[in-house]
Every structure is written in C-alpha cells, then in structure tokens.
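Look at the structure first, then read on.

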Amino acid sequence: IRRHMSAVYNFGVEEGYLVVANPLKRVKSAPEPQRAPKCVANADLLCNVENYVSDGQIYKEKNGHTRSMRNVWFWAIYCRVCYYTGMRLNQVVNLEWDDVDFYRGEMLLKSAHSKTHKEWSVPIPESVIVELLILRRRVRELSPEHATGHAKVFLVSVFQRAKRGSIVQTMTQSHVKQFLIGYSLLTGERVSTHRMRHTCATVLVKNVPNIKVVADMLGHQSIRTTLGYVHPDIGEMRRAQLNLTRG
C-alpha cells in the first residue's frame with residue numbers, strides 16, 4: 001500500500017497538483033513475511049509421472065466434471081524438464097527446437113519469455129536429452145514442420161487426435177494447468193509448474209555448495225533471491241541440536 005500511495009503522491013508532485021515533497025519517502029516498507037517455498041513434497045511425482053497415473057485414468061474435477069488422463073508420456077517429459085531445469089511456465093511453453101542444443105546438452109532460455117528479461121542457458125541431463133529426441137521423433141512422424149526451427153517443443157495438440165486437422169502453433173498455459181490439476185487430484189498433492197521450480201530451487205540450495213551456481217541456473221539477478229529458498233529443516237536442526245548435548 002505504501003508503495004502505491006507513494007507513486008500516486010509522486011505523480012501529483014510531478015504534475016503540479018501538489019507542492020509538498022512526498023512524505024512517504026521517509027516511511028520504511030513493512031517487512032515482508034518469510035514463507036516456506038511452495039514445493040512438491042514428493043519429488044518422485046515429478047521424476048516418475050508414469051508410476052502414478054496412466055492414460056485413460058478417470059478423475060473428477062471440483063466442479064463435478066469428469067475427465068480422463070491423456071498423453072501421460074508427453075506430460076512426464078514436461079515435468080522432468082521443469083524439475084531438472086527450474087524453468088518458469090512461460091519459458092517452457094515458448095521453448096523452441098532451435099533453443100535446444102542436443103550436441104552441447106544445453107537449453108537456451110530467451111529474454112523475451114523471462115520474468116527478469118534475462119537470457120541464459122541451462123544444462124540438460126542426458127536422460128532428458130534422450131527423451132527430447134524421442135519427443136521430436138514422434139512429432140516428426142505426425143507433423144514434420146513442428147519438429148524443427150521455431151516450432152514449439154511442447155506442442156500437445158500434435159498428439160490430440162480430435163484436433164489433428166488443425167494443430168495450434170503453441171501450447172497454452174491452460175493446457176498445462178488442465179493436466180496438472182488432474183495429476184494433483186489423482187495423487188493427492190498439489191503440483192504446478194511454479195511448484196516444480198520451487199522444488200528444483202530448494203533441492204539445489206540444499207545440495208550445491210556454491211549458491212552462485214544455483215542463482216545462475218534459476219536466472220536470479222540477485223543471490224538474495226536465491227537465499228529465499230533457504231529454510232529451516234527440522235532434520236538438520238535436530239542434528240545440530242545433538243552437538244549441544246555432546247558439547
């Protein structure tokens with residue numbers, strides 16, 4: 001609220017409606033609450049989607065509408081890419097084949113789809129490279145023009161038979177959310193692309209000694225943002241507590 005009021009006051013001064021300097025400049029912002037990251041507690045849900053759901057599996061949405069899972073193999077690749085790279089939703093749905101360097105094992109995340117307007121590359125695990133090659137081959141078999149160049153990597157409409165005649169050129173965020181809503185209902189744990197990124201970040205922060213590496217991989221402009229993923233762990237605190245009894 002202070003920030004918005006200050007902006008309005010500054011506008012009034014600049015336009016000549018007010019002659020008194022902005023008094024809110026001397027008012028400090030209220031401290032922001034430090035909340036634990038929104039993670040997926042069971043990371044295996046992101047690494048092995050096929051073990052939890054299968055094609056044709058029925059689920060009922062909160063509004064009572066019944067749906068069934070489709071193209072689970074496709075979404076399994078999607079989840080693994082998100083988990084291992086920490087990409088944001090907008091970056092994944094706009095990823096193009098030209099952005100994937102299979103030889104170097106890298107993926108370019110363009111500034112146009114970055115929250116911070118930053119462009120950087122992230123490594124791709126070998127197992128995911130193999131899966132992306134399989135995905136590209138399956139796309140090529142159905143629609144060759146969507147398997148190269150500026151075509152989107154994750155284009156689920158290629159595999160949706162009802163829409164085979166008119167393939168949309170990009171996968172919308174609603175496509176992603178629809179699958180993840182069903183996946184969440186069937187597994188009992190809330191899963192979203194945002195939570196995948198937080199899970200990736202939290203695991204990296206706990207296991208990578210050089211936090212600058214983590215910041216670079218996540219595309220953070222400041223290490224302070226990365227440090228936001230460092231949260232107390234009961235197990236770690238319990239082990240630290242043992243040192244008190246030994247001392």
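## A stacked pair

Tyrosine 183 counts as buried, because its relative accessibility is 0%; buried means under 20% relative accessible area, with a 1.4 Å probe and protein chains only. Phenylalanine 179 is buried too, at a relative accessible area of 6%. Both lie in helix H6, four residues apart, about one turn of the helix. Helices here are DSSP runs (H or I, at least four residues), numbered from the N terminus.

## Model and numbering

This is a predicted model: local features need pLDDT of at least 70, side-chain atom pairs count only at pLDDT 80 or more, and totals for chains, interfaces and linings use all residues. Residues are numbered from 1 along each chain as its sequence is written, and side-chain values use heavy atoms, leaving out hydrogens and water.

## Rings in pairs

The whole structure holds 11 aromatic pairs. Rings of Phe, Tyr and Trp (its six-membered ring) pair if their centres lie within 6.5 Å; planes under 30 degrees apart are stacked, over 60 edge-to-face, the rest tilted.

Tryptophan 75 and tyrosine 78 are edge-to-face, because their ring centres are 5.6 Å apart and their planes stand at 70 degrees. Phenylalanine 179 and tyrosine 183 are stacked, at 5.7 Å centre to centre and 15 degrees between the planes.

## A cluster and a charge

One aromatic cluster includes Trp73, Trp75, Tyr78, Phe179 and Tyr183. The charged end of arginine 138 sits over the ring of tryptophan 73, 3.7 Å from its centre. For such a contact, NZ of Lys or CZ of Arg is within 6 Å of the ring centre and within 35 degrees of the ring normal.

Technical notes: Helices (H or I, at least four residues) and strands (E, at least two) are DSSP runs, numbered from the N terminus. Buried means under 20% relative accessible area, exposed over 50%, partly exposed in between (1.4 Å probe, protein chains only).
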